[in-house]
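I opened my notebook to write down what I looked up in this structure. Please keep the viewer beside you as you read along.

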Amino acid sequence: MLDSEVPQEGNSTLGGHRKAMYARGTDGKLHIVQSAGWEVEEIVTKQAVDDLLRLAEDARQRALAGQTSPLEYHMYRVRMDVPLLAQASGIWQWRIRRHFRPAIFAKLSPSLLATYADAMGLSVEQLKKAD
Amino acid sequence: MEFQHSQASHCESGVMSAMLRHHGLPLSEPMTFGLSSALSFAYLPIIKINGLPLVAYRMPPKAIIKGLQKPLGLKMRFETFGNPAAGVARLNDLLDQGKLVGLQTSVFWLPYLPQDLRFHFNAHNVLAFGREASGDYRLSDPVAETVVTCPPADLQRARFAKGALAPRGLLYYPLGTPRAPDWHKVLPAALKKTTRIMLDAPLPIIGVRGIRWLAKAIDKLDAGSGAAHSKMFIGQVVRMQEEIGTGGGGFRFIYASFLQEAADLLGRPALGELAEQLIDIGDEWREFALATARMIRDRDPLHPPKLADKLRAIADREQAFFRDLRRAA
């Protein structure tokens with residue numbers, strides 16, 4: 001890649017940041033060039049972000065309809081999945097899945113709620129609501 | 001503390017380049033990357049990230065920090081903590097002593113990074129070099145354009161995030177002063193190690209064979225009813241190659257830059273010619289990324305075997321390249 005070929009087309013996922021790339025200058029040597037972004041990177045980053053947003057929105061709809069607990073919605077909202085939440089909270093995966101049932105979630109102890117809230121960086125009040 | 005920030009393309013090589021420069025040994029980012037033999041390829045279908053297999057274009061986290069110890073005769077001190085309060089106290093103590101401290105962090109909890117790039121990736125490296133009057137930490141994040149600040153609560157979360165590659169508060173700094181090595185000894189050794197990783201790995205998922213193994217997996221992807229999953233799979237490969245600070249082309253350009261430096265230091269123009277070949281290979285990786293992105297967005301019809309063929313062509317070129325490099329080293 002020549003330094004004149006380093007993509008500068010912008011990438012909304014960089015939030016205005018520029019990243020360092022290595023490209024060849026006119027002297028033949030590689031050096032750092034700042035890139036404002038490449039559409040290819042934007043496409044694949046958005047793909048991952050959008051997939052998590054879709055999972056969160058789907059869980060939110062089901063939580064509002066009483067089919068799942070707000071726990072599932074918040075898990076996806078903070079970009080986690082069940083295995084990761086299990087590692088972050090120290091709670092077994094099967095227990096987490098059980099806590100997705102609204103009736104069981106409603107009866108969780110304050111200390112268990114606090115464990116979940118802490119693992120996801122939320123307050124207990126936020127955790128109880130899916131909005 | 002007097003500290004000079006410079007932007008790098010990759011966090012770990014950037015941190016080590018800045019740390020060594022701070023201690024009087026100016027090594028470029030590509031030199032720290034190449035000297036620690038960090039270039040690689042691995043396709044790890046057993047390790048899943050959000051349900052997708054891990055693809056890596058470099059050696060595992062900490063390989064650069066640890067790999068520089070032998071060639072530079074440098075001793076790094078690593079400290080992890082069972083309890084966050086002790087980890088915070090130790091960091092503050094080291095900063096009060098005027099030390100420059102490397103930290104392993106989770107990208108998700110660092111508030112100064114762009115929202116869309118904050119995933120739960122636990123092996124991001126930053127340097128701490130002081131504190132503001134407000135208590136905020138002054139950080140040099142190699143992938144950021146300038147120095148940044150980070151509130152203590154956020155940095156604590158980032159240092160003690162759980163999950164795969166959990167940092168457990170890891171901090172590190174050099175003991176003693178690094179010295180310039182005997183280039184004629186350390187560079188050929190580093191080059192040979194990289195050719196061994198790429199050509200002779202005992203597992204078929206590492207090195208050139210790993211690229212072919214990935215091609216086989218992509219060949220089998222479903223372009224019909226399972227198209228959504230197939231697109232996530234190929235998108236993941238490109239994210240690891242381009243988005244996660246690699247300097248472009250899955251670290252191939254940064255390694256080519258290292259080869260150019262090595263050619264000058266050793267007076268061996270053959271390495272400079274090999275750098276040209278590797279730049280071409282890096283361009284091919286970027287063409288693969290472009291073809292993949294077009295299929296994800298349906299600008300081209302989704303046809304995984306075409307991408308697999310592209311990968312096999314890259315594997316053939318890399319095999320020839322690393323054989324030439326072995327002879328040149």
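I began with helix α6 (residues 152-159) of chain B, which lies across β4, β6 and β7 of chain B. Its direction runs at about 70° to β4(B). For angles, axes are lines fitted to C-alpha atoms, for helices over the stretch in contact, and the values run from 0 to 180 degrees between N-to-C directions. Helices (H or I, at least four residues) and strands (E, at least two) are DSSP runs, numbered from the N terminus.

A note on the basis: this is a predicted model, where local features need pLDDT of at least 70, side-chain atom pairs count only at pLDDT 80 or more, and totals for chains, interfaces and linings use all residues. Residues are numbered from 1 along each chain as its sequence is written, while chains are lettered from A and ligands numbered from 1 in the order in which they are written.

**The sheet**

Which order do the strands of the open sheet in chain B take? I read β3-β8-β4-β5-β6-β7, 6 strands with antiparallel pairing; two strands pair if DSSP finds at least two bridges between them. β3 (75-79) and β7 (148-150) of chain B each have a single partner strand, so one side of each is left without a neighbour in the sheet. On average, neighbouring strands here are turned by 40° against each other, direction ignored. Strand β6 (residues 137-140) of chain B is joined to β7(B) by 3 bridges, and L139(B) has V148(B) as its bridge partner in β7(B). Helix α5 (residues 84-96) of chain B also packs on the sheet, where it touches β3, β4, β5 (124-131) and β8 (171-175) of chain B. The direction of α5(B) makes about 55° with that of β5(B).

**The cores**

Next I looked up the largest nonpolar core, which has 112 residues. Such a core is a set of buried Ala, Val, Leu, Ile, Met, Phe, Trp, Tyr and Cys residues joined through C-beta atoms within 7 Å. L127(B), A128(B), Y255(B), L259(B) and L311(B) touch the most other members, and helix α11 (residues 269-296) of chain B gives the most residues, 11. A second, separate core of 17 residues includes M75(A), M80(A), L85(A) and F100(A).

**One alanine**

Leaving out residues up to four places away in sequence, A215(B) touches A308(B), L311(B), R312(B) and A315(B).

**Where the chains meet**

How many residues of chain A are in contact with chain B? I found 31, against 40 residues of chain B, contact meaning C-beta atoms, placed from the backbone, within 7 Å. Helix α1(A) supplies the largest share of chain A's side, 9 residues. Over in chain A, β1(A) and β2(A) pair in the antiparallel sense over 6 bridges. They form a hairpin with 5 residues between them, and G28(A) in the turn has a positive phi of about 90°.

**Confidence**

Last, I checked the scores: the predictor gives the complex an ipTM of 0.93 and a pTM of 0.95.

Key. Two residues are in contact if their C-beta atoms, placed from the backbone, lie within 7 Å. A residue is buried if 20 or more other C-beta atoms lie within 10 Å of its own, exposed if 12 or fewer, and partly exposed in between; C-beta atoms are placed from the backbone.
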